[in-house]
Amino acid sequence: VYDDIHVGNARPLIVFDLLYRILLRLFPTVIYIRNITDIDDKINERAIEKKISIGELCDKTIKNFHFITSELDLLKPSQEPRATQHIGEMIDIIKILIEKKIAYEKENHIFFSINKIQDYGKLSKKNKEDMFAGARVEIFGSKKNPGDFVLWKPSSDIQPGWNSPWGRGRPGWHIECSAMSHKYLGKTFDIHGGGLDLIFPHHENEIAQSCSANDTNFMAKYWMHNGYVIVEGKKMSKSLGNFLTMIEALKKYNPEVI
């Protein structure tokens with residue numbers, strides 16, 4: 001939530017709202033969790049750039065997000081947890097992974113060791129050699145394996161941080177979702193959704209750390225991924241600059257049309 005969502009970001013909201021409505025007709029109880037990632041390096045950078053706190057930045061974008069979900073007539077989820085409210089749960093999972101020697105500490109960072117996982121890559125169906133070309137993987141010199149991913153990293157004085165057994169720092173992206181899904185849905189659950197771009201490394205890493213910490217063979221029974229909104233042959237994205245924010249779209253078009 002470092003910026004307002006665009007039309008492409010709204011596609012999963014529509015897709016999984018539709019799924020939620022279908023499931024509600026079929027089952028007496030459906031628990032739908034839609035989490036908000038309100039701690040992230042892009043958020044930190046944008047807040048520093050605007051000279052405001054991450055709280056101020058996130059509160060504004062979340063307020064706009066809720067306006068958009070209301071305009072699109074989306075059902076409210078059962079819970080909408082925010083990552084910053086679940087740092088304790090993230091630390092607990094990291095402690096378990098360290099105790100099991102599946103995670104290790106290097107230069108005040110905690111990394112997950114993918115070599116400890118035999119079936120790593122089962123969701124994306126990639127082998128370990130092919131995985132990291134073009135993927136969103138942080139480069140860090142002292143990792144044991146290039147694919148080892150960050151669970152916890154140190155924070156500078158100007159970055160948000162929380163006290164932990166490894167010093168003041170902040171969580172990696174993947175551990176946030178494992179912690180929140182575990183709290184609200186349990187060790188395993190039925191359906192995990194998201195965009196196609198999240199299959200690797202994000203969802204792959206969620207599976208690895210959740211199954212390792214919880215001693216389970218799977219995290220979710222079914223994985224469902226929505227496709228992209230395409231603009232002139234390319235995925236709509238903030239990085240390419242080919243996007244229309246939902247706030248702008250709602251000024252021009254009726255929500256039903258969108």
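Is Lys 221 buried or exposed? Lys 221 counts as exposed, at 52% relative accessibility; here buried means under 20% relative accessible area, exposed over 50%, and partly exposed in between (1.4 Å probe, protein chains only).

1. Ground rules. This is a predicted model, in which local features need pLDDT of at least 70 and side-chain atom pairs count only at pLDDT 80 or more, while totals for chains, interfaces and linings use all residues. Residues are numbered from 1 along each chain as its sequence is written, and side-chain values use heavy atoms, with hydrogens and water left out.

2. Lys 221 pairs with Asp 190 in a salt bridge (3.4 Å, N to O). Asp 190 belongs to strand β5 (residues 189-195) and Lys 221 to strand β6 (residues 220-226), so the contact ties together parts that are 31 residues apart in sequence. Asp 190 itself is partly exposed, at 45%. A salt bridge here is a side-chain nitrogen of Lys or Arg within 4 Å of a carboxyl oxygen of Asp or Glu, and helices (H or I, at least four residues) and strands (E, at least two) are DSSP runs, numbered from the N terminus.

3. Other salt bridges. The structure holds 13 salt bridges. One of them joins Asp 3 and Arg 46 (3.4 Å, N to O). Asp 3 sits in the segment before α1 and Arg 46 in helix α2 (residues 41-50), so parts 43 residues apart in sequence are tied together. Asp 3, Arg 46 and Glu 49 are linked in a salt-bridge network. Lys 122 and Asp 119 also form a salt bridge, with their closest N and O atoms 3.1 Å apart; Lys 122 is partly exposed at 34%, and Asp 119 is partly exposed at 39%.

4. Cysteines. You will find zero disulfides (cysteine sulfur pairs within 2.5 Å). Cys 58 is buried at 1%, and Cys 211 is buried at 10%.

5. A loop lysine. Lys 76 lies in the loop between α3 (54-71) and α4 (87-99) and is exposed at 74%. The C-alpha atoms of Lys 76 and Ile 33 are 9.5 Å apart, although 43 residues separate them along the chain.
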